[in-house]
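Dear colleague,

I am passing on the structure we spoke about, with the sequence beside it. My notes on what was found follow below, and I would be glad if you read them with the model open.

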Amino acid sequence: MKSAVILFGLALLKVGFARLVKMLLDRSRRVRTLTEVSTTNDGLPVSSTGMTLRSANAVLTMGIILVVLTFLPGVFLLIHCIITGQSIWFGIALVLFSLLGWGSIAEYFRVRHELRDDTISYRGLFRSYARVDWTDIQSAYWNPSMKWLVLDASDGRRMRFAVFLKGIDALSFHVLRHPHISMTPATHQVLRTAASGQLPNFM
């Protein structure tokens, strides 16, 4: 019974968090993007060069809210349960769930990508590449479940770009500028839509 209550509570928290993510991202997308207004002959926007891609402010907000709602209550609950001799599993579940929040906060401060006409400087949460030439990138894939764009270089280096990055539209434009990069029709459609300013949905 207790396990069912814990799972139900975590499910509700996950649904609420997902709705909060969508609301914050939708709100941030109303702000003018980093893509310029002018367009090329094929209808794609002319993007900035030498720009920095970083996580939207909504990512930091979501991370702080999730930590406040799960980590602190989980720690207090663990202390209370240990003192009173009650089951600690719900407290442990809350603390573990708060890792999503800590990850969001770390990603906001850690992740930075420099986008240029000829190269990408990639700094992800766990891996970094000082320089990746566009000519070395051989494939692009949009992961619909994880909501990120995956770029693979010919030497095996892999870069992932989340949907909530500021400048994902300019990145999409740059990928489409290089016809040697292979991609599925579905990925091409997502990139073309993103490059025009209509970013993929988080949900």
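With a relative accessibility of 15%, Ser104 counts as buried, where buried means under 20% relative accessible area, exposed means over 50%, and partly exposed lies in between, with a 1.4 Å probe and protein chains only. Once its neighbours within four places in sequence are set aside, Ser104 is in contact with Val59 and Gly63, contact meaning heavy atoms within 4.5 Å.

Before going further, please note that this is a predicted model, in which local features need pLDDT of at least 70 and side-chain atom pairs count only at pLDDT 80 or more, while totals for chains, interfaces and linings use all residues. Residues are numbered from 1 along each chain as its sequence is written, and side-chain values use heavy atoms, with hydrogens and water left out.

Gly101 is also found in helix α4, and this glycine is buried, with a relative accessible area of 0%. Leaving aside neighbours within four places in sequence, Gly101 is in contact with Gly63, Leu66 and Val67. Gly101 and Gly63 are 38 residues apart in sequence, yet their C-alpha atoms are 3.9 Å apart in space.

As for the overall make-up, the protein has six helices and eight strands, and along the sequence these follow the pattern α-β-α-α-α-β-β-β-β-β-β-β-α-α. Of its 203 residues, 42% are buried. Among contacts between residues at least 6 apart in sequence, 57% join residues at least 24 apart.

Now to the helix packing. Two packed helices are described by the angle between their axes and the distance between the axes. The axes of helix α2 (residues 57–84) and helix α3 (residues 89–97) come within 8 Å and cross at roughly 150 degrees; axes are lines fitted to C-alpha atoms, for helices over the stretch in contact, and angles run from 0 to 180 degrees between N-to-C directions. Helices α2 and α3 are therefore roughly antiparallel to each other, given that angles under 35 degrees count as roughly parallel, over 145 as roughly antiparallel, 65 to 115 as roughly perpendicular and the rest as oblique.

Helix α5 (residues 168–176) is largely enclosed by the rest of the structure, because nine of its nine residues are buried; Asp169 and His174 are among them.

Turning to the strands, five of them form an open sheet in the order β4-β3-β2-β1-β8, with antiparallel pairing; two strands pair if DSSP finds at least two bridges between them. Strands β4 (128–133) and β8 (165–166) are the edges, each pairing on one side only. Four bridges join β1 (residues 51–55) to β2 (residues 112–115), with Met51 standing opposite Leu115 and Arg54 having Arg112 as its bridge partner in β2. Strands β1 and β8 pair over two bridges, again in the antiparallel sense, and in β8 the bridge partner of Arg54 is Lys166.

One last residue deserves a look. Most residues other than glycine have a negative phi. Lys147, which is not a glycine, has a positive phi of about 60 degrees; Lys147 is found in the loop between β5 (137–143) and β6 (148–153) and is buried, with a relative accessible area of 17%.

With best regards
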